[in-house]
Amino acid sequence: PYSLKALGDLIYCGGVNRFIFHRYAHQPWTEYLPGMTMGPHGFHFERTITWWEQAPAWTSYLTRCQYLLQEGLFYADLCYFIGEGSPNSPAGRTGLRPAPPAGYDYDACNADVILHRMTVKDGRLVLPDGMSYRLLVLPESQTMSVELLTRIRDLVRDGATVIGPRPSRAPGLQGYPTADSQVQALAQELWGDCDGQKVTEHALGKGSILWGKPIEQVLAARVGPPDFEYAAGSRRPVLNYLHRQADDADLYFVACQSPRTEYVDCTFRIAGKVPELWHPDTGTVERAPAFRQDQGRTTVPLRLDPSGSVFVVFREPLSAADNLISAQRNGVSLLQQPPMRRADLQIRRAIYGPAEAVVANVVEVTTQLSRMVRNATLTVRADNTLAGDPAQDIVKQLLVRYTYNGRPFVATV
């Protein structure tokens, strides 16, 4: 299940916190493997798969992850209103307008949530179950119902911050013929002289409306730095995260999508608490060996295995005792990526021809493949474009003998 882990971690970071496997096929025999399947439908998961005896390592990992990911509430800075149209559903991160910057997470809501569940407390939009957001983002639409726009006006008066364009008319015939003029009057009260170009903000009551100002600037001014960000020197690994709050604890699930071991400095918008590392693959819990806190944030150096993941949990208050900030040996940091030896790939011999070939029916392609090596990697398509067709109407193969960092290998395609 190694290839499944990275995909599952990505889905966890998208907000899913419970997996249901589809499907487990009935197996009428005990001696036949892999037994009955459902063809291309679903995810094959039953006692006849080749890795069934090794599955507990993965399923235990999923169990630990899902236990923590179901604790408390999801944390987000932004709430995107998906509009009043139908059918409707929230877009993914890249499809949202404006797109949320990296390190700021988001949620989505429909009109019913704004009308009947959303209130304002201490400048945050709050729901009865405890979810809260700093900013409400409206869709790029020129229509909005009178009822909804009235409710948004009340939220802004109570202290909400709303980002979005000014509507100019109602979306349907409800309230015709006065609805459009009511929408325009409410929009004038909310947006005032804010035109999204020369004027990008208008205050009303305890809150304000913003239109045309880059969302990065709004977040930096009203929320602060990103909730999560990371640095890995010259390397560019892909990390995903999810932040939840449970009682007095903050839980960050950090997952690496890279197939290599990565050393990263992860920074969290948390201060005054000790970071702990909860390892879902083993169940072990440890205090972070080193960390530093500055300007309301905590930076934790992490070593992540290939497709590795960890929960960084903040729950215990930080005492006055000193904590380890860095560690060096012979002037080299022990918390950073160690210097990597330059990889070396040498093509020793490569031939193309029938699998059961005699010498006359194979073509030497060593020179061609050697020229195709880039940065100690080789990607090649095994077909007749390499050196013509050495044996017409016969299935052929590419046999490559090579060394990687001095070690000999053989590959057949």
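Reply: Strands β4 and β5 (residues 124-126) pair in the antiparallel sense over 3 bridges; two strands count as paired if DSSP finds at least two bridges between them. Strands are DSSP runs of E with at least two residues, helices are runs of H or I with at least four, and both are numbered from the N terminus. The model is a predicted one, in which local features need pLDDT of at least 70 and side-chain atom pairs count only at pLDDT 80 or more, whereas totals for chains, interfaces and linings use all residues. Residues are numbered from 1 along each chain as its sequence is written, and side-chain values use heavy atoms, leaving out hydrogens and water.

I347 has Y402 of β24 as its bridge partner. β24 pairs in the antiparallel sense with β25 (residues 407-412) as well, over 6 bridges, and Y404 stands opposite R407 in β25. These two strands, β24 and β25, form a hairpin with 2 residues between them, and N405 in the turn has a positive phi of about 55°.

As for the helices, α1 (residues 2-13) and α2 (residues 55-69) pack at an angle of about 10°, their axes 12 Å apart. Axes are lines fitted to C-alpha atoms, for helices over the stretch in contact, and angles between N-to-C directions run from 0 to 180 degrees. The angle makes α1 roughly parallel to α2, a term for angles under 35 degrees. Contact (heavy atoms within 4.5 Å) brings L4, K5, D9 and Y12 of α1 to W58, Y61, L62, C65, Q66 and L69 of α2.

In α2, A55, W58, Y61, L62, C65, Q66, L68 and L69 are buried, that is, under 20% relative accessible area with a 1.4 Å probe, protein chains only. The buried residues of α2 pack against α1 and also against β12 (239-246), β13 (249-256), β15 (273-278) and β19 (309-317).

How values were computed:
Angles under 35 degrees count as roughly parallel, over 145 as roughly antiparallel, 65 to 115 as roughly perpendicular and the rest as oblique. Buried means under 20% relative accessible area, exposed over 50%, partly exposed in between (1.4 Å probe, protein chains only).
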